[in-house]
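Have the sequence and the 3D view open as you read.

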Amino acid sequence: MSRRGLLRLAAGGSLAMTAFGSLPAGTASAATPIVKPLPPEIFDVYGTNAETRWGR
């Protein structure tokens with residue numbers, strides 16, 4: 001197999017994974033986008049964003 005053929009095969013595989021997705025159909029998403037626990041003494045949470053409290 002040539003290098004060009006291998007690159008075509010890899011590109012086709014990545015397109016297939018993008019088109020069909022890697023998660024099974026019907027997978028529920030999390031209630032909030034932030035999944036990890038964020039201690040309030042370290043982080044300020046703003047909806048879908050969290051910032052570290054550096055100066056406190």
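Q: How much accessible surface does the protein have, and what share of it belongs to carbon and sulfur atoms?
A: This is a predicted model, in which local features need pLDDT of at least 70, side-chain atom pairs count only at pLDDT 80 or more, and totals for chains, interfaces and linings use all residues. Residues are numbered from 1 along each chain as its sequence is written, and side-chain values use heavy atoms, with hydrogens and water left out. Areas come from the Shrake-Rupley method with a 1.4 Å probe, and for residues only the protein chains shown count as cover. The accessible surface comes to about 5300 Å², and the share of carbon and sulfur atoms is 62%.

Q: What pattern does the secondary structure follow along the sequence?
A: Helices (H or I, at least four residues) and strands (E, at least two) are DSSP runs, numbered from the N terminus. Read along the sequence, the pattern is α-β-β.

Q: What percentage of the residues count as buried?
A: Buried means under 20% relative accessible area, exposed means over 50%, and partly exposed lies in between (1.4 Å probe, protein chains only). Of the 56 residues in the protein, the buried share is 2%.

Q: Is D44 buried or exposed?
A: D44 sits in strand 1, which covers residues 43-46. Its relative accessible area is 14%. Because the cut-off for buried is under 20%, D44 counts as buried.

Q: Which residue meets D44 in a salt bridge?
A: A salt bridge here is a side-chain nitrogen of Lys or Arg within 4 Å of a carboxyl oxygen of Asp or Glu. The structure holds one, and its N to O distance is 2.5 Å.

Q: How many bridges join strand 1 to strand 2?
A: Two strands pair if DSSP finds at least two bridges between them. Strand 2 covers residues 49-52, and the two strands run antiparallel. F43 has T52 as its bridge partner, while Y46 stands opposite N49. The number of bridges joining the strands is four.

Q: Which residue in the hairpin takes a positive phi?
A: The hairpin is formed by strand 1 and strand 2, with two residues between the strands. The phi in question is near 65°, and the residue that takes it is G47.

Q: Which residues does V45 touch, not counting those up to four places away in sequence?
A: V45 belongs to strand 1 and is partly exposed, at a relative accessible area of 46%. The C-alpha atoms of V45 and I34 are separated by 9.4 Å, with the two residues 11 apart along the chain. Contact means heavy atoms within 4.5 Å. By that rule, V45 touches I34, L38 and A50.

Q: Which residues make the nonpolar surface patch of about 390 Å²?
A: Patches are made of residues with over 30% relative accessible area and no salt bridge, where like charges are joined within 9 Å and nonpolar side chains (Val, Leu, Ile, Met, Phe, Trp, Tyr) within 5 Å. M1 lies in the segment before helix 1 (3-20) and is exposed at 80% relative accessibility. Leaving aside neighbours within four places in sequence, M1 is in contact with L6 and L9, and L6 is found in helix 1. The patch is made by M1, L6 and L9.
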